[in-house]
Amino acid sequence: MTDATGKYVLPGIIDPHSHMMPDAINEGSLSVTSMVRIQDVLNPTAINAYRALAGGVTTINILHGSANTIGGQNATVKLKYGRSADDMLFPGAPPGIKFALGENVTRKNRRGGTGPDRYPTTRMGQEEVLRDAFIRAQDYKREWDDYRARVARGDRAAVPPRRNLELDPLVEVLEGKRLVHAHGYRADEHLMLLNVAKEFGFKIATLQHVLEGYKIATEIAEHGAGASSFADSWSYKIEAYDAIPYNNAIMMRHG
């Protein structure tokens, strides 16, 4: 036991969307980079992790950046400064993956001297990237399901499909084994994502930022997604202009 006389006991702060600790955040070369993993580039000596722990942050959900429609796999970390990165991985935490929508993906704010455009450059293109990726993941899953069924029947001639590191995590999303954390600001883009998820039969775990969540609070609740929003931060870019200070309250009242 610890004598806490004259002291305060507070719950640890959990950061649901962190970019501290990794030596790299974005793999921006492709529109779909579901094959890359944040846990492979964790830096346990990062000074920001020490400062966060000193300030009361105990657990962080480290997400890939928002350069891609479908980004990399997350890492959930229990901060323990002075320990190895493997020691800090939260045991039993459900695996996740980062999706992103809007201007970070289309690179609207990077035009001019930053190299050629990368598809998609519009919100239309972002929806196509999502649908194409999950159609390919469905086909890939069917191949593996067929192979496993043949093995179960005793078919010794069955040949396993070629492993695809891009599609493996998307199959986990389809099977409900990997959580989707989706960066976005505007109601229209998040509504699009909810519709795509409904089409392919998977759930969005959290809509991240979701500053216009108050406009589609009923639809978010019907889908069963969570929302991780800002308490007081908006108008720092065009996408954030329609944010209101009552966003979180309105979403909570809609369930």
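**Stop 1: a patch on the surface**

Select L30, M35 and L165. These residues form a nonpolar patch on the surface, with about 260 Å² of accessible area together. Accessible areas come from the Shrake-Rupley method with a 1.4 Å probe, and for residues only the protein chains shown count as cover. Patches are built from residues with over 30% relative accessible area and no salt bridge; nonpolar side chains (Val, Leu, Ile, Met, Phe, Trp, Tyr) are joined within 5 Å, like charges within 9 Å.

The model is predicted: local features need pLDDT of at least 70, side-chain atom pairs count only at pLDDT 80 or more, and totals for chains, interfaces and linings use all residues. Residues are numbered from 1 along each chain as its sequence is written, and side-chain values use heavy atoms, with hydrogens and water left out.

Now zoom in on L30. Find it in the loop between β1 (13–18) and α1 (47–54). Helices (H or I, at least four residues) and strands (E, at least two) are DSSP runs, numbered from the N terminus. L30 counts as partly exposed because its relative accessibility is 44%. Here buried means under 20% relative accessible area, exposed means over 50%, and partly exposed is in between (1.4 Å probe, protein chains only).

Stay in the loop between β1 and α1 and select M21. M21 is not a glycine, yet its phi is positive, about 90 degrees. Most residues other than glycine have a negative phi, and most peptide bonds are trans. Is M21 buried or exposed? M21 counts as buried, at 2% relative accessibility.

**Stop 2: the open sheet**

Switch to a cartoon view. Five strands form an open sheet in the order β3-β5-β6-β7-β8, with mixed pairing. Two strands pair if DSSP finds at least two bridges between them. Which strands are at the edges? They are β3 (70–73) and β8 (226–229), each of which pairs on one side only. Neighbouring strands of this sheet are turned by 25 degrees against each other on average, direction ignored.

Select β5 (residues 96–100) and β6 (residues 179–184). The two run parallel, joined by five bridges. Look for I97 opposite V180 in β6. Then find K98, which stands opposite H181 in β6.

A182 has L207 in β7 as its bridge partner. Why is β6 largely enclosed by the rest of the structure? Five of its six residues are buried.

Pick H209 in strand β7. Its phi is near 75 degrees, a positive value in a residue other than glycine. H209 is buried, with a relative accessible area of 10%.

Axes are lines fitted to C-alpha atoms, for helices over the stretch in contact, and angles run from 0 to 180 degrees between N-to-C directions.

**Stop 3: P95**

Select P95, in the loop between α2 (85–88) and β5. What does P95 touch? Not counting residues up to four places away in sequence, P95 touches N74, K177, R178 and L179. Contact means heavy atoms within 4.5 Å. P95 is partly exposed, at 31% relative accessibility.

**Stop 4: charged pairs**

Side chains of opposite charge can pair when their charged atoms come close. A salt bridge is a side-chain nitrogen of Lys or Arg within 4 Å of a carboxyl oxygen of Asp or Glu. By this rule there are 17 salt bridges.

- D40 and R37, at 2.9 Å, N to O. D40 is partly exposed at 48%, and R37 is partly exposed at 37%.
- R150 and D155, at 2.8 Å, N to O. R150 is partly exposed at 28%.
- E212 and K215, at 3.2 Å, N to O. E212 is buried at 7%, whereas K215 is partly exposed at 40%.

Then select R123, E189, K237 and E239. Salt bridges that share partners join these residues into one network.

**Last stop: a cis peptide bond**

Select Y119 and P120. The peptide bond joining them is cis, with omega about 5 degrees. P120 lies in the loop between α3 (103–106) and α4 (123–152).
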